[in-house]
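Here are a few friendly notes to read alongside the structure.

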Amino acid sequence: MRKSWTIASSMIRIEDLGVTYSQKIEALREVTFGVEKGESCSIIGPSGCGKTTLLFVLSGLISPTKGRVSIGGEEITSPRRDVALILQDYGLLPWRTVWKNVSLGMEIRGYTDKNRVKRILKDLDLTGFERRYPSQLSGGMRQRVGIARALALDPSVLLMDEPLSSLDELTRENIQNLILDIWKKKKITMILVTHNIEEAVFMGMKIVVLTPRPGRVAAIIENPEVGDVEYRRRKEFYERCTCVRRILRKWED
């Protein structure tokens with residue numbers, strides 16, 4: 001566990017972040033941590049602790065009430081072209097085919113790149129399903145389409161809000177492996193919000209544990225073994241899971 005949360009050299013810098021909604025509902029308070037370029041970071045905490053709010057601030061969809069959030073030294077004041085967000089419900093449009101869902105972000109930005117779409121569909125094992133609609137796909141395949149749509153924008157930062165929570169265990173593990181493989185190949189900076197301890201440990205080189213609302217940083221755990229597909233079977237994995245579980249249990253009734 002790291003006690004020093006120095007962020008001066010980080011690509012993503014979250015400094016003294018606070019978010020308060022209307023009716024004085026305080027979601028986040030004094031959140032400070034950094035994420036290095038090419039690093040994967042898991043964020044975990046009790047329900048309602050502000051995890052999704054934090055992602056929305058990073059994506060530029062909502063503004064902080066207090067503090068500063070920046071990427072590459074530039075303060076986030078609106079959505080950025082180099083940041084992609086994957087939501088829990090995949091966000092697919094049911095009346096658009098796989099191909100058109102994946103290319104949607106490009107269309108919104110006023111361009112198309114058929115070769116990139118083809119390459120991403122191939123990488124995610126979706127070749128042959130281009131004309132299918134979301135209702136014709138399994139949950140795991142719909143999630144891969146959501147990932148493909150995000151990657152089609154060639155982001156430098158990938159934000160994910162509990163994207164695998166509705167999948168069965170084996171499908172979940174397969175897509176975890178797939179996401180980490182993409183992360184390693186493309187060197188994307190990745191932030192994952194999850195409520196699953198094992199997922200947080202398997203996916204995040206850095207694990208940020210938040211307190212109950214208002215969410216504050218309770219601990220930051222370094223997790224350098226991430227990226228090894230055999231990590232789930234190693235003693236370090238169980239030790240980190242135990243560490244995260246112990247921190248979260250401090251706030252149980």
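1. A word on terms before the helix pair: axes here are lines fitted to C-alpha atoms, for helices over the stretch in contact, and angles run from 0 to 180 degrees between N-to-C directions. Two packed helices are described by the angle between their axes and the distance between the axes. This is a predicted model, and for helix α5 (residues 139-151) and helix α6 (residues 169-186) the axes come within 10 Å, crossing at roughly 15 degrees. Because angles under 35 degrees count as roughly parallel, α5 is roughly parallel to α6. The crossing of α5 past α6 is right-handed.

2. Which residues of α5 and α6 meet? From α5 come Gly140, Gln143, Arg144, Ile147 and Leu151, and from α6 come Thr171, Ile175, Leu178, Ile179 and Ile182. Sorted by class, this contact has six nonpolar, three polar and one charged residues.

3. On confidence, the protein chain has a mean pLDDT of 88, with 95% of its residues at 70 or more. Please look at residues 1-5 with some care: pLDDT stays under 50 there, and the model has 13 contacts beyond four places in sequence for this stretch.

4. Now the overall picture. The protein chain has eight helices and ten strands, and its C-alpha trace spans about 50 × 40 × 35 Å along the principal axes. A compact globule of 253 residues would have a radius of gyration near 18 Å, so the 18 Å of the protein chain agrees with that.

5. Where does proline 214 lie? Its place is in the loop between β9 (206-210) and β10 (217-222).

6. Two backbone angles are also worth checking on your screen. Glutamate 30 is not a glycine, yet has a positive phi of about 50 degrees; this glutamate 30 lies in strand β2 (residues 25-35). Lysine 187, likewise a residue other than glycine, has a positive phi near 55 degrees. Lysine 187 is placed in the loop between α6 and β8 (189-193).

Conventions:
Residues numbered from 1 in each chain as written. Predicted model: local features only at pLDDT ≥ 70, side-chain atom pairs only at ≥ 80, totals over all residues. Heavy atoms only, no water. pLDDT = per-residue confidence, 0-100. Contact = heavy atoms within 4.5 Å. Helix = DSSP H or I, 4+ residues; strand = E, 2+ residues; numbered from the N terminus. Parallel < 35°, antiparallel > 145°, perpendicular 65-115°, else oblique. Left-handed = near helix turned anticlockwise from the far one by under 90°. Nonpolar A, V, L, I, M, F, W, Y, C, P; charged D, E, K, R; others polar. Rg over C-alpha atoms; globule rule 2.2 N^0.38 Å.
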